[in-house]
Amino acid sequence: MIDLPLKTNLLNQSLTLPNGFVIPNRLAKAATSETLATYSNNPTEKHIRLYQRWAASGIGMIITGNIMIDRRALGEPGNVVIEDERDFVILQQWATTVTDQGSQLWAQLNHPGKQSPKGLNSRNISASAAPFGAEMRSLFATPDEATHQEILEIIQRFGRSALICKKAGFSGVEIHAAHGYLINQFLSPLHNLRNDEWGGTPEKRRKFLMEVYAEIRKQVGAYFPIAIKLNSADFQKGGFTEEDSLATIKALSQAGIDLIEISGGTYESGVAKAPQKASTIVREAFFIDFAEKVRAQVKTPLMVTGGFRSVEGMNQALGSDAFDVVGIARLMAIDPDAPKYLLAGTNSEQTVQPIKTGIKKIDQLGVMEVLWYTQQLNRIAKGSNPKPKESGLWAFIKSVLRSGWGTYKTQRTRIK
């Protein structure tokens, strides 16, 4: 049942970034795993179809799922890779299918580091040769420590990928520095055990991120928007903390970043699942307490993703002035038209529910729900509707089979 509309809906307000760039409203589709690319990592018509439907909802901005910067470093089979202009025409189509409808398309750029399934890449690198915890070790291999030269190459690749996105008509780019991927690995003292210029102190651990930002800015210029997705914390003992995050945000703000998206967690601890106080649950936004701490010290626009359940909760959170943009992701996978309702001041008929297989060891994996929601995106991309009540166990089995086949096909593609 849809509620009566709000009299005043803050979601409809536009937002002007410090560089003068205007986001048409305060609602954003946060990045989600899609795996819709070919096994050669090219974008496809499925991307056009999925994003066309999302953009038709009236949402202000859409951030793509993981776009990798190196075909040798995939996070999943079916990742899009932008490392040159071979897919330039379809990248342009992807951008215009969104921007022609009045929404914005921002490309999320990423490198998985060691967070890549066993066998997918011929070699995985990370800040250090540190393995995952016991629960994840069966899925992810221990990486090699990246050399100084490899680090410099990755930094340059981020810049080149961002420039291609700008040329293709994307509205902006987002650096993925959260959820346990490579930049997050460099930031975390649990995964970064180096004692050279890339590790050993908080300042040195964030040098990689700061160099990635600087290279992107150098390539795209002063007025092309750059955002970052950053954990408020990893929620792992000995990992990236709120204090680390706040110091990183201050450094990025001083460097001129345009938008900061706050999230939290990793595949080991659970993605976007912060430890919840009762007061935070009532306020809906998982990371609003941390956003308030950031807002007290930093003026850069903030986006908060995770925990939002209702238009009333979104408006209450925005009204606190703790942040500027509401990020939604899972709701868009089960109701791609949800922004139409939210912007009209009513709620979607769908609600995000915990996804379980009934098998405790599987349900404890942070990646479990990612797999279920990815299945729903595939349905939309094929022109069908999502199935909000699909079995968690069935979706997990299909995802495992699909991932195994995708890994095999990716390897065969490389051999050819």
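Because the model is predicted, local features need pLDDT of at least 70 and side-chain atom pairs count only at pLDDT 80 or more, while totals for chains, interfaces and linings use all residues. Residues are numbered from 1 along each chain as its sequence is written, and side-chain values use heavy atoms, with hydrogens and water left out.

I start with the domains. The protein is divided into domain 1 (10-352) and domain 2 (355-415), with bounds that come from an automatic or database domain assignment. Taken over C-alpha atoms, the centres of domain 1 and domain 2 are 21 Å apart. Domain 1 contributes 35 residues to the contact and domain 2 contributes 29 residues, where contact means heavy atoms within 4.5 Å. Between them the two domains bury about 2600 Å², and 60% of that lies on carbon and sulfur atoms. Buried area here is the accessible area (1.4 Å probe) that two parts lose on being put together, summed over both. On the domain 1 side, Tyr39, Ala333 and Ile334 lose the most area to domain 2, together 23% of what that side buries.

I turn now to the interior. A nonpolar core is a set of buried Ala, Val, Leu, Ile, Met, Phe, Trp, Tyr and Cys residues joined through side-chain atoms within 4.5 Å. Buried means under 20% relative accessible area, exposed means over 50%, and partly exposed lies in between, with a 1.4 Å probe and protein chains only. Which residues touch the most other members of the largest core? They are Phe208 and Phe323, in a core of 104 residues. Domain 1 and domain 2 each supply at least three residues to this core. Another core lies apart from it and has 14 residues, including Leu15, Ala31, Met303 and Val325. As for Phe323, its contacts beyond four places in sequence are Ile288, Arg295, Leu302, Val304, Phe308, Ala317 and Leu318.

The next topic is the aromatic rings. A pair of aromatic rings is described by the distance of the centres and the angle of the planes. Rings of Phe, Tyr and Trp (its six-membered ring) pair if their centres lie within 6.5 Å; planes under 30 degrees apart count as stacked, over 60 as edge-to-face and the rest as tilted. By this rule there are 9 aromatic pairs. In one of them, the ring centres of Trp94 and Phe170 are 5.8 Å apart and the planes stand at 75 degrees, so the pair is edge-to-face. Trp94 belongs to helix α2 (residues 88-99) and Phe170 to the loop between α3 (148-168) and β10 (172-177), so this pair ties together parts that are 76 residues apart in sequence. Helices (H or I, at least four residues) and strands (E, at least two) are DSSP runs, numbered from the N terminus. Both Trp94 and Phe170 are buried. Phe286 and Phe287 form another edge-to-face pair, 6.1 Å centre to centre and with 80 degrees between the planes. Phe286 is partly exposed, at 25% relative accessible area, whereas Phe287 is buried, at 2%.

Charges over rings follow. A charge sits over a ring if NZ of Lys or CZ of Arg is within 6 Å of the ring centre and within 35 degrees of the ring normal. Lys114 places its charged end over the ring of Phe132, 5.0 Å from the centre, and Lys207 lies over the face of Trp198, at 4.7 Å.

I close with some single residues. Ser245, in helix α7 (residues 242-255), has 0% relative accessibility and therefore counts as buried. Beyond four places in sequence, Ser245 is in contact with Leu230, Asn231, Ser232, Phe240 and Phe290.

Most residues other than glycine have a negative phi. His179 is not a glycine, yet has a positive phi of about 60 degrees; this residue lies in the loop between β10 and α4 (182-187). Asp321, in the loop between α10 (311-319) and β14 (325-328), has a positive phi near 65 degrees. Is each of these two sites buried or exposed? His179 is buried, at 8% relative accessible area, and Asp321 is exposed, at 53%.
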